[in-house]
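Open the model in your viewer and keep the sequence panel beside it. We will go stop by stop, selecting residues as we go.

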Amino acid sequence: MLDGIDYWEELRESPSQMEICVAIFANVLELDAQGEPVNEKYAERRAATYLYSYCTGKLPPGEPRIEPWECRLY
């Protein structure tokens, strides 16, 4: 999803965006009864969706908007 996007440059200029990416990953991630992740690829995709949107100003094709609860910092 992020191929061809110079997101590292964007993150260096605005490190709070990295914090939001981590928050999205952590808020979306689900763990099973043993504490093992059950949807880590989905959580990774949601964080990448945010980063794509931040860098390009639009959502990746077919991806739903980031919900407020996904990027909430606790």
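This is a predicted model. Begin with the rings: the structure holds one aromatic pair. Select Tyr 50 and Tyr 54, which make up that pair. Their rings are stacked, with 6.4 Å centre to centre and 20 degrees between the planes. Both residues sit in helix H3 (residues 40-56), four residues apart, which puts about one helical turn between them. Now colour by accessibility. Tyr 50 is buried, at 15% relative accessible area. Tyr 54 is partly exposed, at 33%.

**Next stop: Gln 17**

Select Gln 17, in helix H2 (residues 16-28). Is Gln 17 buried or exposed? Gln 17 is buried, with a relative accessible area of 10%. Draw a distance between the side chains of Gln 17 and Tyr 50, and you find a polar contact of 2.2 Å. Then switch to C-alpha atoms. Gln 17 and Tyr 54 are 37 residues apart along the chain, yet their C-alpha atoms are separated by 8.3 Å.

**Next stop: helix H3**

At 1.5 Å a residue, its 17 residues should span 24 Å. The end C-alpha atoms are 24 Å apart, so expectation and model agree. Now pick out the buried residues of H3: Ala 43, Arg 46, Ala 47, Ala 48, Thr 49, Tyr 50, Leu 51 and Tyr 52. What covers them? The cover includes helix H1 (7-13) and H2. Step just past the end of H3 to Gly 57, where phi is positive, at about 80 degrees.

**Next stop: the nonpolar core**

The largest nonpolar core has 14 residues. Select Leu 2, Cys 21, Ile 24, Tyr 50 and Leu 51, the residues with the most contacts inside this core. Which elements give two or more residues to the core? They are H2 and H3. H3 supplies the largest share, six residues. Stay on Leu 2 for a moment. Not counting residues up to four places away in sequence, Leu 2 touches Tyr 7, Ala 48, Leu 51 and Tyr 52.

**Next stop: the cysteines**

How many disulfides does a search of the whole structure find? It finds zero. Cys 21 is in none, and the nearest cysteine sulfur, that of Cys 55, is 8.3 Å away. Cys 21 is buried, at 9% relative accessibility. Move to Cys 71. Cys 71 is partly exposed, with a relative accessible area of 28%.

**Last stop: Pro 68**

Select Pro 68, in the segment after H3. Pro 68 counts as exposed, at 56% relative accessibility. Pro 68 and Ile 24 lie 44 residues apart along the chain, and their C-alpha atoms are separated by 9.6 Å. Ile 24 also takes you back to the core, where it is among the residues with the most contacts.

Technical notes. Residues numbered from 1 in each chain as written. Predicted model: local features only at pLDDT ≥ 70, side-chain atom pairs only at ≥ 80, totals over all residues. Heavy atoms only, no water. Disulfide = S-S within 2.5 Å. Buried < 20%, exposed > 50% of the residue type's maximum accessible area, 1.4 Å probe, protein only. Phe/Tyr/Trp six-rings, centres within 6.5 Å; stacked < 30°, edge-to-face > 60°. Polar contact = N/O pair within 3.5 Å; in protein donor to acceptor, adjacent residues only side chain to side chain. Expected span 1.5 Å × (residues − 1). Contact = heavy atoms within 4.5 Å. Core = buried A, V, L, I, M, F, W, Y, C linked by side-chain atoms within 4.5 Å.
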